[in-house]
Amino acid sequence: MLRSCLALTTVTATLIATGLPAAACGDEDKPAAEKVRVAGAPGAVKNVKAVGNVPDAQGAIAMGFLQYGKRDVMAVSGEFGLKVYDLTKNPTAPKLIGEVSLPGLWETEDTEVDVKRKLVFLARDPRAYGGTTQTGESGIYIIDLKNPDKPVLLSYTKVPAGHTTSCVDDCRYLWTGGPSKAANQPAEWGGRPIWVTDIRDPRNPKTFPNPIELARNDGKTDYVHDVQVDAEGVAWVSGRGGVRGYWTNGYHRDPVQGKVRRATAFDPVPYAGGGIEETAAPSKFMHNSFHPAGHRSADGADSNRWRGRDLIYATEESFLDGCAGDGVLTISSLRNSYNGEGWRSTPEKPFRLESVGTWSVAGQEGSDPASGDCSAHYFDIRGKVLVQSFYAQGTRFLDVSDPTDPKQIAYFRPADASAWAPYWHKGYVYVADNTRGIDILKLTA
């Protein structure tokens, strides 16, 4: 199996020869699958019941959910474009009701929906349709799902980034980032930062010419991978160099400028965050994150002081030879980062968030010891239970009530797993599996 993300030429040639898709892997692409796995072959399952599967969604990467009164709809993005399913009558047997066919689309990770305006946003990576990071075209598709049975492609906008695109400021704007830099972008960049697009008129999006979230990696502009907005409206930006949060509306103290000013999507106000300790995440490439909003204090000496407080959960995506060195789930404290420390970090005087805990799938019960594909990927949290995808190592359920010591409580690893992203939804977990389509799981313990 090809493991190194640095061997881009070899990996790309292998992907073309095998017809297999590429996937984000920090620097460039996830390597090709190590072997052909047979659906139904022995895997490993504990405390989880598989209650449904949607095989016609093979190539799935992400999904979102929309409500139409009592009608429950799931929008699934992937290499096929967008497929829309009705969950209302039977949430374990989704019914395909509409689609926008875009075969060859890449990558649509973390596809987001505007629940008010019933819109879906798909990021076009420059590697879509046979392109490359150096010369390929990137952009954003906006799809109208006011009538979920008849999706309408409203617009497509070229944007200088296109690995992921995320709603900020109540979905009035999109922040689009990644992947590695294009040939026409500054040589000193390590990857693409964020471009802001005004989508108040979704038929006529307007992208601002100047990017934001620069100098994120100890002063170097680098690869922004993903953005997640917490319950208080802070946009948490993950990528190479850690996780940093921003206000995108209202008036807030700017700890970098030392004054109160107005935050906007195109001129956000720094909030907190910074680099993750290299002992927790050696690659420095943080794939996505989650902040339990509303807690800023931490006191006491025992591990319980961290419960629900001052924390940022983040995934490191990294592929190395073997399994033990692949990316992990990291949990870090934000408590010493509210005065702009993460924006003043340099190689000479680096700032790092205090590491609280980590969890790796390597060597865990239910893992495939023959697989070297063990990187962490997207996760979702409900209460004290975090559910996370680990590619060929499947879907893992962790009790994170003590963030210093996450404990696995359940797992679902079919032998042909290629789990990319899990989503809690109305008591079930829907897993976007690039090989299997959509797996629908029920936690039984």
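C323 and C374 are both buried (under 20% relative accessible area; exposed means over 50% and partly exposed in between, with a 1.4 Å probe and protein chains only). The model is predicted: local features need pLDDT of at least 70, side-chain atom pairs count only at pLDDT 80 or more, and totals for chains, interfaces and linings use all residues. Residues are numbered from 1 along each chain as its sequence is written, and side-chain values use heavy atoms, with hydrogens and water left out.

A disulfide joins C323 to C374, with an S to S distance of 1.9 Å (the criterion is a pair of cysteine sulfur atoms within 2.5 Å). The link connects distant parts of the chain, 51 residues apart. C323 sits in the loop between β24 (311–316) and β25 (329–333). C374 sits in the loop between β26 (352–359) and β27. Strands are DSSP runs of E with at least two residues, numbered from the N terminus. The torsion about the S-S bond of C323 and C374 is about -110 degrees, so this disulfide is left-handed.

The whole structure holds two disulfides. C167 and C171 form a disulfide, their sulfur atoms 1.9 Å apart. The link of C167 and C171 is right-handed, with 65 degrees about the S-S bond. Both C167 and C171 are buried.

Salt bridges were also counted. The total is 26 (a side-chain nitrogen of Lys or Arg within 4 Å of a carboxyl oxygen of Asp or Glu). In one of them, K116 pairs with D170, and the closest N and O atoms are 3.0 Å apart. K116 lies in the loop between β9 and β10 (119–124), and D170 in the loop between β13 and β14 (173–177), so the pair ties together parts that are 54 residues apart in sequence. K116 and D170 are both exposed.

D399 and K384 form another salt bridge, at 3.9 Å from N to O. D399 belongs to strand β29 (residues 395–399) and K384 to the loop between β27 and β28 (385–389), so this bridge ties together parts that are 15 residues apart in sequence. D399 is buried, at 18% relative accessible area. K384 is partly exposed, at 49%.

The side chains of K407 and D405 meet in a salt bridge of 2.7 Å, N to O. K407 is partly exposed, with 48% relative accessibility. D405 is also partly exposed, with a relative accessible area of 34%. Elsewhere, salt bridges with shared partners join D218, E278, K284 and R352 into one network.

The largest pocket holds about 1100 Å³ of space. On a 1 Å grid over the protein atoms alone, a pocket is an open set of points where a 1.4 Å probe fits, with protein on both sides within 12 Å along at least five of seven lines; lining residues have an atom within 4 Å of a point. The volume is the space filled by probe spheres set on the points. The lining of the largest pocket comprises 37 residues. Closest to the pocket centre are D110, E112, V113, Q228 and V229. Several elements give two or more residues to this lining, including β5 (60–68), β9 (112–114), β13 (164–168) and β17 (224–229). β31 gives the most, with five residues.

By class, the lining has 17 nonpolar, 10 polar and 10 charged residues. Here Ala, Val, Leu, Ile, Met, Phe, Trp, Tyr, Cys and Pro count as nonpolar, Asp, Glu, Lys and Arg as charged, and the others, Gly among them, as polar.

Technical notes. Helix = DSSP H or I, 4+ residues; strand = E, 2+ residues; numbered from the N terminus.
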